[in-house]
Structure formats: structure tokens, C-alpha cells
Amino acid sequence: MDATTVRQVSERATRVLAPNAGPMTLDGTNTYVLREGTDVVVVDPGPDDAGHLARVLEVATADGGRVALVVLTHHHRDHTAGADALAERTGAPVRGAGRGEPFADGEPLAAGALSLTVLTTPGHTADSVCLLFPADGLLLTGDTVLGRGSTVLAWPDGDVTAYLATLDRLLALARSHEVVAIAPGHGPHVDEPAAALENIRTHRNARLAEVRAAVAAGARTPEDVVRRVYGDVDPALESAAGQSARTQLAHLGIVPRT
């Protein structure tokens, strides 16, 4: 398989890149195949694309591997649309994004010899989770942390207050070396997680300072904020910028959450 599509990111984790690149998905959705012996967990099957799912299954079932569980980090379709087809082909149950029992923070997930820990990490969406894979010191972050750039906190599901708390929590794990690498839902592998998380937090706080300044100068609507803070926005990202601006204004108490 093409090394740009399938890449081993740690001893037990393989990334399979989906063919859905775009302004919001970067290079495409990263599907992860986690394996301990023949026990396999697939995280974020990605789009319902036959070729992509075939590649995921080829990686998962090599040398007798068996998919025991499919996990979804949040409900967005670029991560979840292929889940039903994958579950039908493997017989594996699906957890996350409203499927199966709701996740509890700190919940252990076991698939034979493979063990994960669920971290509830709201901010990008209310249902976002990250998965800690202790055997490899790997944190699978969905869209909570991207391999480059910053994730959109889209109205009404995004929450700046929750996201800042999530960043602090993940940064503590990176500083304690429980997390030594990040496997994001989009973009490249992150080998220096503490530095990356510090940069994301700094960027978020700087953007909030810009929004506060815009409000002090008279901005009251998301459209005002986009004009004053974001400047010329790629038309493909204009809607996302407006939703992010409204979420920031809600965090600052300028517009109500409801």
C-alpha cells in the first residue's frame, strides 16, 4: 500500500488516510488501526468510501487480525460515516457519538489484550473524546487536537470554556509523559505533544484577546468579529469563522449560549 496513505505511527498503531481532503479535513480523515496480537480496535472509520474501508480492513486483518471494536471520537460524518459498513463487515460493536453505552470519563476499553482509556474532552463538540493508548504513550484526539492548525469550535456544539479546560488536562498528561505522541484526526502525527498543546493554548488565548479588543471597539455580532479579527477569510471557511466567532462571544458573555 502507498506509504502516504498507510503509515505506522507507533509500535501498535497504524494510520490509514481517507481520500476526503478539504479545507476542513486537511489531508483527509485519519483512521487508526490499533493492534495487540490479533486483537484490533478501529478508531474513526472515516467516510463511507469503499476503497478506504477496504484498506482499513486489509491492515486490520493482516496476519489473522480481528476487529473487536470500532470507536468514534465524536459525531461528525467525516469520522463516522463508514462505521455501519465496517461493523457489518466485521461484526464488531460501535461505541461513541451516541452509539452503544455513553462513555464515562476514565472508562477502560478492552479488546482482548488491547487496552485503552477514554477521556471525555468536550470543546470541539460536546461528545468529543480522546483515547489514551498507554502501551504506546499515544493519545488519539479526533478533532480535539489537529496535526496542524487549530480545530473549529463551531456553534452551537463548540464550547471555548470547555475546550480550554480540555487543553489544560491534555497538557498535564503530556508534561507527565503519560502522553509521548498525539495521533490527530486530521493532519500529521505530533511527536512533541507538550509543545504543540502549549502553542494551541497560546493561540486560543491570543484570539480571545483579539475578540475582547474587537468587542471593546464596538463589535457585537459574529459578523462584526469576523470582519475585525479574521480579516479576509477564504470563502470555504467563512461559515466556520462565523460560528467560531459566535462561540467566542458566548464564552465572553456577549451573546447567550441558548
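Guide: Buried means under 20% relative accessible area, exposed over 50% and partly exposed in between, with a 1.4 Å probe and protein chains only. Helices (H or I, at least four residues) and strands (E, at least two) are DSSP runs, numbered from the N terminus. This is a predicted model: local features need pLDDT of at least 70, side-chain atom pairs count only at pLDDT 80 or more, and totals for chains, interfaces and linings use all residues. Residues are numbered from 1 along each chain as its sequence is written, and side-chain values use heavy atoms, with hydrogens and water left out.

Visitor: What makes the side chains of strand S7 alternate?

Guide: Look at residues 108-111. Leu 109 and Ala 111 point to one face and are buried.

Visitor: Why are S7 and strand S11 called edge strands?

Guide: Start with the sheet. Five strands form an open sheet in the order S7-S8-S9-S10-S11, with mixed pairing. S7 and S11 (181-184) each have a single partner strand, so one side of each is left without a neighbour in the sheet. From one strand to the next, the twist averages 25 degrees.

Visitor: Which helix packs on that sheet, and which strands does it touch?

Guide: Helix H4 packs on the sheet and touches S8, strand S9 (129-133) and S10. Contact means heavy atoms within 4.5 Å. The direction of H4 makes about 140 degrees with that of S8.

Visitor: Which strands are at the edges of the six-stranded sheet?

Guide: That open sheet has the order S1-S2-S3-S4-S5-S6, again with mixed pairing. Strand S1 (6-10) and strand S6 (94-95) are its edge strands, as each pairs on one side only. S1 and S2 pair in the antiparallel sense over four bridges. Gln 8 has Thr 14 of S2 as its bridge partner. Helix H1 (residues 50-61) packs on this sheet, touching S1, S2, S3, strand S4 (39-43) and strand S5 (66-71). The direction of H1 makes about 15 degrees with that of S3.

Visitor: Why is Asn 20 called buried?

Guide: Asn 20 has a relative accessible area of 17%, so it counts as buried. The residue sits in the loop between strand S2 (13-17) and strand S3 (30-36). Leaving aside neighbours within four places in sequence, Asn 20 is in contact with Thr 25, Gly 28, Thr 29, Pro 47 and Asp 78.

Visitor: Asp 44 and Asp 63 both have a positive phi. How do you know which is buried and which is exposed?

Guide: Check the areas. Asp 44 has 2% relative accessible area, so it is buried. Asp 63 has 76%, so it is exposed. Asp 44 is in the loop between S4 and H1, while Asp 63 is in the loop between H1 and S5. Phi is near 55 degrees at Asp 44, and also near 55 degrees at Asp 63. Most residues other than glycine have a negative phi, and most peptide bonds are trans.

Visitor: Which peptide bond is cis?

Guide: The bond from Trp 155 to Pro 156 is cis, with omega near 0 degrees. Pro 156 is found in the loop between strand S10 (138-142) and helix H4 (160-175).

Visitor: Why are helices H6 and H7 called roughly perpendicular?

Guide: Angles under 35 degrees count as roughly parallel, over 145 as roughly antiparallel, 65 to 115 as roughly perpendicular and the rest as oblique. Axes are lines fitted to C-alpha atoms, for helices over the stretch in contact, and angles run from 0 to 180 degrees between N-to-C directions. H6 (residues 222-230) and H7 (residues 238-251) cross at roughly 105 degrees, with axes coming within 8 Å. H6 and H7 are therefore roughly perpendicular. Residues of H6 in the contact include Val 225 and Tyr 230; those of H7 include Ala 245 and Leu 249. By class, seven residues of the contact are nonpolar, three polar and one charged. Here Ala, Val, Leu, Ile, Met, Phe, Trp, Tyr, Cys and Pro count as nonpolar, Asp, Glu, Lys and Arg as charged, and the others, Gly among them, as polar.

Visitor: What makes helices H5 and H7 roughly perpendicular?

Guide: The axes of H5 (residues 193-216) and H7 come within 10 Å and cross at roughly 80 degrees. H5 and H7 are therefore roughly perpendicular too. Arg 207, Leu 208, Val 211 and Val 215 of H5 meet Gln 248, Leu 249 and His 251 of H7. That contact has four nonpolar, two polar and one charged residues.

Technical notes. Pairing = 2+ DSSP bridges.
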